[in-house]
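Me: Could you walk me through the pockets of this protein?

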Amino acid sequence: MTTSSGSHRTEPAPTADEREMLDGWLDYHRATLAWKCEGLQDEQLRRTPLAPSELSLLGLVRHMAEVERYWFREIMLGEDVPELYCTSEDPDGDFHFTETATWAEAEQVWQTEVELARQAAAGRSLDLLSRAESHHRGEVFSLRWVYTHMIEEYARHNGHADLVREQIDGATGD
């Protein structure tokens, strides 16, 4: 399936091998989030229509940029990279932004982190263990676990995105 902006949402083949399956589902869910944001103005993307929740489409994109960066670069590769939007004073900074926050900036940061995540995973065994431990759990993770977690993370937040989008302009879809 191709969205009107040209984003491709293709499910992996039902007979794909494990790596193709994981890459395929992760890319499918990345494209789904982009699709949920498609065609909206910055003001609409900043909107938080599900009070008291602070969820917005722009916040979800910023959050997923943070998540891509954290799991693939910081945990898997052990890179010392600063957070993009969150701070110790505002751990939910990805959802807190001013009226000047734009889709163009958020999408560029997110797509950069997606590309860097792809590079971090490329050519590496799914059994590879992370170089760093999770800040929250103090454990190392296999690349397979990270892929699976990222698919779960996107799937959950795409459900949120679907609800937010419906409240903004009535658009629905899988």
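Here are a few questions and answers about its pockets.

Reply: Happy to! This is a predicted model, where local features need pLDDT of at least 70, side-chain atom pairs count only at pLDDT 80 or more, and totals for chains, interfaces and linings use all residues. Residues are numbered from 1 along each chain as its sequence is written, and side-chain values use heavy atoms, with hydrogens and water left out.

Me: What is the volume of the largest pocket?

Reply: A pocket is an open set of points on a 1 Å grid over the protein atoms alone, where a 1.4 Å probe fits, with protein on both sides within 12 Å along at least five of seven lines. Points are joined across faces, edges and corners, and the volume is the space filled by probe spheres set on them. For the largest pocket that gives about 560 Å³.

Me: Which residues of its lining are the closest to the centre of the largest pocket?

Reply: Lining residues have an atom within 4 Å of a point. The largest pocket has 25 of them, and the closest to its centre are His-63, Val-67, Tyr-70, Glu-83 and His-136.

Me: Which element gives the largest share of that lining?

Reply: Helices here are DSSP runs (H or I, at least four residues), numbered from the N terminus. Two elements give two or more residues to the lining of the largest pocket, α3 (57-76) and α5 (143-169). The largest share, 7 residues, comes from α3.

Me: And which element gives the largest share of the lining of the second largest pocket?

Reply: That pocket holds about 190 Å³ of space and is lined by 13 residues, with His-8, Asp-27, Arg-30, Ala-31 and Arg-118 nearest its centre. Both α1 (18-37) and α4 (103-121) supply at least two lining residues. The largest share, 5 residues, comes from α1.
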